[in-house]
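Welcome! Take a look at the structure below, and then we will walk through a few of its features together.

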Amino acid sequence: MPKSIIIKKNGGPEVLELQDVNVGSPGPDEIKVTNHAIGLNYIDTYHRSGLYPLKLPSGIGLEAAGKVEEVGSNVKEFNIGDNIAYASVPLGAYSQQRIIPSKIAVKVPEGISHKQAATLMTKGLTTNYLLCKTYNLKAGETVLFHAAAGGVGQIFAQWANSIGAKVIGTVGSDEKIKIAEENGYAHVINYTKDDFSKKVMEITNNEGVPAVFDGVGKNTFHGSLACLKTRGMMVSFGNASGPLDPVNVPKDIQPKGLYLTRPSIGQYFTNRKELQAGADAVFEKVKFGKIKIKISKEYSLIDAKKAHADLEKLKSQYYLLHGFNFSIAKIIEKLATDEVRKYEQ
């Protein structure tokens, strides 16, 4: 019988329980999927802890890639054996096999592995909407991205470079400078040592940047506004350092006629057509070598507790340095038979 991680109460990693599940058959608009690789995102710890409340008991996990095992009677876009990926509610990606709505899945082309797809969906689609939809980044422009060494940050600079734009990045330690530079940042600022807004103004000859992409939140918000050009856009898409304080429009926005937006992935991929188009754009960048990803660590499903503990430890370190990006992803591999036996003993 397939295994799945279930949470019956909120708390630390210890509340993650591995259980047998009866998957059944898909409904008319659903598909049954065998997951081969599962993405681990920091938002998963919010669901587990109760910061983002769930109706319990609940599955957990948003992102995975695998193969279609069975299709519902109304499903026309998928066939048994198709490689697919998804990154959306309903929760439950931490599982060997499950049923999902067909509308949240995308086809994965040849040349993209399950592991790549599972790490690309959230981070890649986030990057796609940030620089292609929220702010249409153009060749020759220079923008600022916070948490440059994080998951989205690494993809963002590579994508920007592929269209002829440049990115200034911020990191929270000298060790992360190299990571950011290897991923294509034109300038990298350690903002635990330097005032990043002043550095950005120096780099841009006091012109500022037309857009700032900020997943850090509270600790970087006002500095980001300070280094924007007149009529620049503040793209606030995360809050790793804490939620934003209330915005004082006359004081913060009006003096330079700034734009402030708080986008999310669900606002830009509202149907399967938009979702597949976004995913295709991401996969194309990877297939042609414009974006390269490196999976930092892999876990088996049985080790989900350790994976969460490690991720939260990582978050704590980044958080203290104001450099954490919430969408850093890792992989939980498909559960092996011998590990199931060990777990049940």
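## Ground rules

A residue is called buried when its relative accessible area is under 20%, exposed when over 50%, and partly exposed in between, using a 1.4 Å probe and protein chains only. The model is predicted, so local features need pLDDT of at least 70 and side-chain atom pairs count only at pLDDT 80 or more, while totals for chains, interfaces and linings use all residues. Residues are numbered from 1 along each chain as its sequence is written, and side-chain values use heavy atoms, leaving out hydrogens and water.

## Aromatic pairs

Rings of Phe, Tyr and Trp (its six-membered ring) pair if their centres lie within 6.5 Å; planes under 30 degrees apart are stacked, over 60 edge-to-face, and the rest tilted. Searching the whole structure turns up eight aromatic pairs. One of them joins Tyr-42 and Tyr-46 edge-to-face, with 5.5 Å centre to centre and 90° between the planes. Tyr-42 is buried at 6% relative accessible area, and Tyr-46 is buried too, at 14%.

Tyr-46 also pairs edge-to-face with Tyr-52, at 5.0 Å centre to centre and 65° between the planes. Tyr-52 is partly exposed, with 34% relative accessibility. Elsewhere, one aromatic cluster is formed by Tyr-135, Phe-145, Phe-156, Phe-213 and Phe-237.

## A look at Thr-45

Thr-45 sits in helix α1, residues 43–49. Helices (H or I, at least four residues) and strands (E, at least two) are DSSP runs, numbered from the N terminus. With 2% relative accessibility, Thr-45 is buried.

Which residues does Thr-45 contact, leaving aside neighbours within four places in sequence? They are His-308, Leu-311 and Glu-312, where contact means heavy atoms within 4.5 Å.
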